[in-house]
Amino acid sequence: MIYFLRTYDLETIRLKFITIYILNVSDALLTHLLIRTGYFIEVNFLLKEIVGNINRLFIMKIFFPALLIAWLYFRVQQTTEKILKQSNIAVNFVLVLYIFINILHIIGLIFFVVRYLLSLE
């Protein structure tokens, strides 16, 4: 994992962008699912109104990020080695942030499932 984070060639950056996008989609879907349980709330004030509407959520958390990541990758392909190395720091920050967010969602999902199973007894 450390090697993956330190590496900043175009192929690795592309894999990081793909991973960020997958984590972004799972964040959107897990957020939507957890909000619908009634036990969780959206803490991101920018998405509070969007999370309940799957169509808006799709546009804001799945469609627009795909365009943004594609544009960023196109720009990264045209940059210098120095800028690529600096960009890698930002990409790694976003990657680690989305890993953390998804871990929180998984913990929330486990909490909900355990609570639900205990209520069946």
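The radius of gyration is taken over C-alpha atoms, and the globule rule is 2.2 Å times the number of residues to the power 0.38. For a compact globule of 121 residues the radius would be near 14 Å, but this chain has 17 Å. This is a predicted model: local features need pLDDT of at least 70, side-chain atom pairs count only at pLDDT 80 or more, and totals for chains, interfaces and linings use all residues. Residues are numbered from 1 along each chain as its sequence is written, and side-chain values use heavy atoms, with hydrogens and water left out.

**Overall build**

- The chain has 4 helices and 0 strands; helices (H or I, at least four residues) and strands (E, at least two) are DSSP runs, numbered from the N terminus.
- Along the sequence the pattern reads α-α-α-α.
- The C-alpha atoms fill a box of roughly 60 × 30 × 20 Å, taken along the principal axes.
- Of the 121 residues, 30% count as buried; buried means under 20% relative accessible area, exposed over 50%, and partly exposed in between (1.4 Å probe, protein chains only).
- Accessible areas come from the Shrake-Rupley method with a 1.4 Å probe; for residues, only the protein chains shown count as cover.
- Take the contacts between residues at least 6 apart in sequence: 75% of them join residues at least 24 apart. Contact means heavy atoms within 4.5 Å.

**Nonpolar cores**

- A nonpolar core is a set of buried Ala, Val, Leu, Ile, Met, Phe, Trp, Tyr and Cys residues joined through side-chain atoms within 4.5 Å.
- The largest one has 12 residues: Leu5, Ile13, Phe17, Ile20, Leu23, Ile69, Tyr73, Val76, Leu84, Val91, Leu95 and Tyr98.
- Helix 2, helix 3 and helix 4 (81-120) are the elements that give two or more residues to this core.
- Apart from it lies another core, of 5 residues, among them Ala28, Leu47, Ile50 and Leu57.
- Ile13, a member of the largest core, touches Tyr8, Val76, Leu84 and Asn88, not counting residues up to four places away in sequence.

- Ala28 is found in helix 2 (residues 10-37). Its relative accessibility is 1%, so Ala28 counts as buried.
- Leaving aside neighbours within four places in sequence, Ala28 is in contact with Leu57 and Lys61.
- Ala28 and Phe58 are 30 residues apart in sequence, and 8.1 Å apart in space, C-alpha to C-alpha.
- His32 also lies in helix 2. At 13% relative accessibility, His32 counts as buried.
- Beyond neighbours within four places in sequence, His32 is in contact with Val51, Gly52, Ile54 and Leu57.
- Ile62 lies in helix 3 and counts as buried because its relative accessibility is 14%.
- Ile62 touches Tyr21, Val25 and Leu57, not counting residues up to four places away in sequence.
- Ile62 and Phe93 are 31 residues apart in sequence and 20 Å apart in space, C-alpha to C-alpha.

**Salt bridges**

- A search of the whole structure finds 2 salt bridges. Each is a side-chain nitrogen of Lys or Arg within 4 Å of a carboxyl oxygen of Asp or Glu.
- Glu11 pairs with Arg14, and the closest N and O atoms are 2.7 Å apart.
- Glu11 and Arg14 both lie in helix 2, 3 residues apart, about one turn of the helix.
- Glu11 counts as partly exposed at 40% relative accessibility, and Arg14 counts as partly exposed at 30%.
- Asp27 and Lys61 form a salt bridge through their side chains (2.9 Å, N to O).
- This pair links distant parts of the chain: Asp27 sits in helix 2 and Lys61 in helix 3, 34 residues apart.
- Both Asp27 and Lys61 are buried.

**A nonpolar surface patch**

- Phe58, Ile59, Met60, Phe63, Phe64 and Leu67 form a nonpolar patch on the surface, with about 560 Å² of accessible area together.
- Patches are made of residues with over 30% relative accessible area and no salt bridge: like charges are joined within 9 Å, nonpolar side chains (Val, Leu, Ile, Met, Phe, Trp, Tyr) within 5 Å.
- Met60, one of the patch residues, lies in helix 3 (residues 54-77). At 36% relative accessibility, Met60 counts as partly exposed.
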